[in-house]
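Try each task before reading its solution.

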Protein chains: 2
Amino acid sequence: MTKNTDLKEYWESKPRLLPSVSIDCVTLGFHNNQLKVLLLKYKNTNYYALPGGFINMDEDLEDAAQRILEERTGLRNIYLEQFHVFGNKSRRNDETHKQIMAGCGIEMKPNNFLLNRFISIGYYALIDFSKATPSPDELSDSCEWYDLDKIPTLMFDHNEIFRKALETLRMMLDDKLIGFNLLPETFTMNELQNLYETILGEKLVRSNFQRKMLGLGILERIEKKMTGAANKAPYLYKFIGG
Amino acid sequence: MTKNTDLKEYWESKPRLLPSVSIDCVTLGFHNNQLKVLLLKYKNTNYYALPGGFINMDEDLEDAAQRILEERTGLRNIYLEQFHVFGNKSRRNDETHKQIMAGCGIEMKPNNFLLNRFISIGYYALIDFSKATPSPDELSDSCEWYDLDKIPTLMFDHNEIFRKALETLRMMLDDKLIGFNLLPETFTMNELQNLYETILGEKLVRSNFQRKMLGLGILERIEKKMTGAANKAPYLYKFIGG
DNA sequence: AGTTATTGTACCAATTTGATACAATGATAG
DNA sequence: CTATCATTGTATCAAATTGGTACAATAACT
């Protein structure tokens, strides 16, 4: 499905989708001590957007979100959490839609289903950066990681959706112990602390952080990690859930 | 709109509604030291349900929830909070729907829009029990308060929706200081404590609770409340938001 | 062997929380 | 009019948690 004629057919003869409802995913990864978010750029436009999609008629909401994210990251069974529904009546914009489709060489008829009103269910996804292989969809020519302080202006209300996701993540971080989803199997205490500091946006005192994490009883100490640096080698830890 | 013919017309010629999306409200009040939830009972059936409704095409989500609740309680500008979207593909049941409509003397055609798949956005509402005047909708013959330990089996997944609402409320109670919405303008510290204990489902130590609440700096002490009981009279407090 | 930077942990002060105690106070009973 | 009673507002102290500093251990480099 790369030729425009195929695309056009695809978008006009969509399989049966749940009307009015879409999903947008705030997909976070952690790399080089930086929190990153996955964004699409639509072909031949300057529109950036969160990865998203629609729900098949015979598909549970959560399954739809998993499917959408698998298509963008290659990963299955992603940690994700619903955080808010965005449902203002004028959150979307017909002109933007038309330009995006035009960028793919598709002319949108006035009765195209995409021009109807949609609400969007926001999910945030926490994934292991090193395992994901981002790939764009049919309408976009890039799907890439962006540092949180370098997020461009996104289409519609996607900046607001992102903001709300981060706010929710911050609130849930201690409560649900979800940070580990952003790290590989094994990690050092320093990496874990950097992750927490990045999400919370504040410095933490090292010794207290270590005490707190070890006190939770959810970390298994694996072995020493010889870094090659001129200092004591840190332990590697593993998350033991439950 | 009380005659069946009118009703039938109403349900078959609905104004333009957002397809696939409904709203269900977990409406809580506090009375006689008991937390209570508002439930409907459909006419001539044994089906109980959370108050709910649909979204008009030109209506924001939040406004729709406010409208639905105003219709059931007579109150405007209710404190409410979105807490989850329930979107399993088989969360609703055609047979149940038909029975409910049949209870109102309406025969549902197979293509009735109500028989399509719907997702439901859950809102919880906290209201001043003494100010609400519950009133049933066209399909139900009662709209009443139920003690939390006397909730009947509800239709579809409404018991699950209720459970999730209460779980969310418990988590948010301290964080967002929302409990005050369940009390009248003025209240005693004892009433406030009873409310907290009921929501959290656990006893709290009186002196510590008082210290904590006063320490928040959001309570204004109004005057003594002479109760007529053989003891020291408590102060009345008022919530000062922000 | 000495230097260096970072790690794991110990330690103490400050703060918060849990639990008990007690004086103050409206009403009632004698 | 005084004694009694139940509940309120507040004080107090111990226990637990958190914030901040210190220090020995150690892997690699000089």
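**Exercise 1. Find which residues Y124(A) touches, leaving out those up to four places away in sequence.**

Solution. Start with the test: two residues are in contact if their C-beta atoms, placed from the backbone, lie within 7 Å. With that test, Y124(A) touches V26(A), L28(A), L80(A), E81(A), F83(A), A165(A), T168(A) and L169(A). Next, look at the core. A nonpolar core is a set of buried Ala, Val, Leu, Ile, Met, Phe, Trp, Tyr and Cys residues joined through C-beta atoms within 7 Å. The largest one has 107 residues, and Y124(A), A125(A) and A125(B) touch the most other members. As background, nonpolar side chains tend to be buried together in soluble globular proteins.

Please keep in mind that this is a predicted model, in which local features need pLDDT of at least 70 and side-chain atom pairs count only at pLDDT 80 or more, while totals for chains, interfaces and linings use all residues. Residues are numbered from 1 along each chain as its sequence is written, and chains are lettered from A and ligands numbered from 1 in the order in which they are written.

**Exercise 2. Describe the overall build of chain A.**

Solution. First come the elements: chain A has six helices and ten strands, where helices (H or I, at least four residues) and strands (E, at least two) are DSSP runs numbered from the N terminus. Then take the extent: its C-alpha atoms fill a box of roughly 65 × 35 × 30 Å along the principal axes. For burial, 30% of the 242 residues of chain A count as buried. A residue is buried if 20 or more other C-beta atoms lie within 10 Å of its own, exposed if 12 or fewer, and partly exposed in between, with C-beta atoms placed from the backbone. Finally, among contacts in chain A with a separation of 6 or more, 72% join residues 24 or more positions apart.

**Exercise 3. Work out which elements of chain A touch chain B.**

Solution. Begin with the count: 18 residues of chain A are in contact with 18 residues of chain B. On the chain A side, β1 (17–31), β5 (79–86) and β6 (119–126) give two or more residues each. The largest share, four residues, comes from β1(A). By class, this side holds eight nonpolar, five polar and five charged residues. Here Ala, Val, Leu, Ile, Met, Phe, Trp, Tyr, Cys and Pro count as nonpolar, Asp, Glu, Lys and Arg as charged, and the others, Gly among them, as polar.

**Exercise 4. Is N33(A) buried or exposed?**

Solution. Locate N33(A) in the loop between β1 and β2 (34–42) of chain A. N33(A) counts as exposed because it has 11 C-beta neighbours inside 10 Å. Its phi is near 55 degrees, a positive value in a residue other than glycine.

**Exercise 5. Which residues come closest to DNA strand C?**

Solution. A residue is near a strand if its C-beta atom, placed from the backbone, lies within 6 Å of it. Of the 20 residues that surround DNA strand C, the closest are S207(A), N231(A), K232(A), S207(B) and K232(B). Elements giving two or more residues to this surface are α5 (189–200) and α6 of chain A together with α6 of chain B. Its classes are nine nonpolar, eight polar and three charged residues. Just after α6(A), G217(A) takes a positive phi of about 70 degrees.
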